[in-house]
Amino acid sequence: MNAPANVARKRVNLALQGGGSHGAFTWGVLDKFLEDGRLDIEAISGTSAGAMNAVVLADGFQEGGAEGARKQLEEFWSEVSRCAVFSPIRRGPLSSLLGTWSLGNSPAVLWFDLMSKIFSPYDVNPFDYNPLRDLLTKTVDLTRVHACKDIKLFVSATNVYSGKGRVFDNFDKKDLTLDAVMASACIPTLYKAVVIDNEPYWDGGFMGNPVLWPFFYATHTNDLLLIEVNPIRRPTTPHTAREIEDRMNEITFNASLQHELRAIRFVSRLLREGKLDLKRYKDIRLHVVDNADAMIALGASSKLNAEWDFLVYLRDLGRDTAARWLDKNFEKLGEQASADPTQMIT
């Protein structure tokens with residue numbers, strides 16, 4: 001990554017959340033970071049859409065450095081939009097008329113939501129067709145991902161049998177496979193569990209959105225930068241059935257992240273009090289790039305919206321958010337945290 005002349009680069013670990021189409025916000029943040037050139041990415045942990053962004057970035061970076069990564073990310077999200085052109089999952093007439101990105105009034109979305117509560121994917125999708133698999137096969141070269149030694153990757157999925165999270169990495173080509181990436185994004189109400197080593201896996205968000213602990217043991221930098229697309233706090237009480245379900249899902253998928261943030265806060269306090277050995281434990285410096293107000297306003301149903309105009313809106317939102325974050329916090333990297341985990345945990 002090419003930093004501007006006479007500016008020292010800062011090394012960071014990136015934590016990328018899942019969130020369907022809202023992952024395009026993360027695309028925008030990454031695009032700005034790569035364009036800016038002052039950050040060296042040591043490792044990325046990603047879940048679901050975050051895992052997609054992670055492997056796509058590593059693929060492009062191995063092929064053509066920062067510019068290659070930017071190009072590959074744009075191609076991936078362009079392909080996401082192209083695949084959705086003929087999908088029935090689109091905005092309803094009212095949302096289109098009002099100029100909102102919500103799919104809450106889409107007849108197809110309401111129908112699929114109802115069917116998912118009556119039938120399982122084992123009933124309605126016996127051949128387990130998943131267009132995302134074809135999309136990844138077309139746009140990602142896992143050989144290059146495994147060859148990318150400059151950036152460590154950690155992709156998480158949830159073991160259905162044990163309920164435990166499993167982390168796949170790019171250290172071994174037999175570990176981070178297409179199935180591992182698909183498992184990380186396997187929504188159990190839509191797709192059959194992905195079987196790896198004779199055990200079924202679901203979306204990694206249940207046990208880590210994303211997982212942070214690999215950064216503690218497998219990396220050198222203490223700067224952890226979370227790109228948040230799932231708001232932890234909301235200012236209003238949900239009232240409709242859909243709003244209640246959406247908020248329940250947000251709380252569930254943020255629970256494991258909050259546990260790890262609580263652990264970071266606890267270890268940092270013990271280190272400051274001299275009760276732990278700095279040679280054995282990391283004093284993690286937490287940083288968060290988010291635009292909670294904008295993401296809350298979008299509504300959870302827009303995570304299914306893959307219209308190109310919406311993805312571009314999210315990309316530009318991410319780029320603008322990242323630019324403002326860099327202006328405010330770049331100098332803190334390597335020196336101090338810019339986010340307080342206390343404000344993010346209950």
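## Strands, helices and cores in a predicted model

Strand β7 pairs with strand β8 (residues 285–289) in the parallel sense over five bridges, where strands are DSSP runs of E with at least two residues, helices are runs of H or I with at least four residues, and both are numbered from the N terminus; two strands pair if DSSP finds at least two bridges between them. From β7 the chain crosses through helix α10 (residues 241–272) to β8, and this β-α-β crossover is right-handed, a term which applies if, with the strands pointing away from the viewer, the path from the first strand over the helix to the second runs clockwise. This is a predicted model, in which local features need pLDDT of at least 70 and side-chain atom pairs count only at pLDDT 80 or more, while totals for chains, interfaces and linings use all residues. Residues are numbered from 1 along each chain as its sequence is written, and side-chain values use heavy atoms, with hydrogens and water left out.

Helix α1 (residues 23–36) has 14 residues and should span 20 Å at 1.5 Å a residue, which agrees with the 20 Å between its end C-alpha atoms; the expected span is 1.5 Å times one less than the number of residues. Of the 14 residues of α1, 13 are buried, and just after this helix Gly 37 takes a positive phi of about 85°.

The largest nonpolar core has 67 residues, and Leu 14, Phe 33 and Leu 57 are among those with the most contacts inside it; such a core is a set of buried Ala, Val, Leu, Ile, Met, Phe, Trp, Tyr and Cys residues joined through side-chain atoms within 4.5 Å. Helix α2 (residues 49–83) gives the most to this core, with 14 residues. Apart from this core lies another, of 19 residues, among them Ala 15, Leu 226, Ile 264 and Val 288.

Terms used: Buried < 20%, exposed > 50% of the residue type's maximum accessible area, 1.4 Å probe, protein only.
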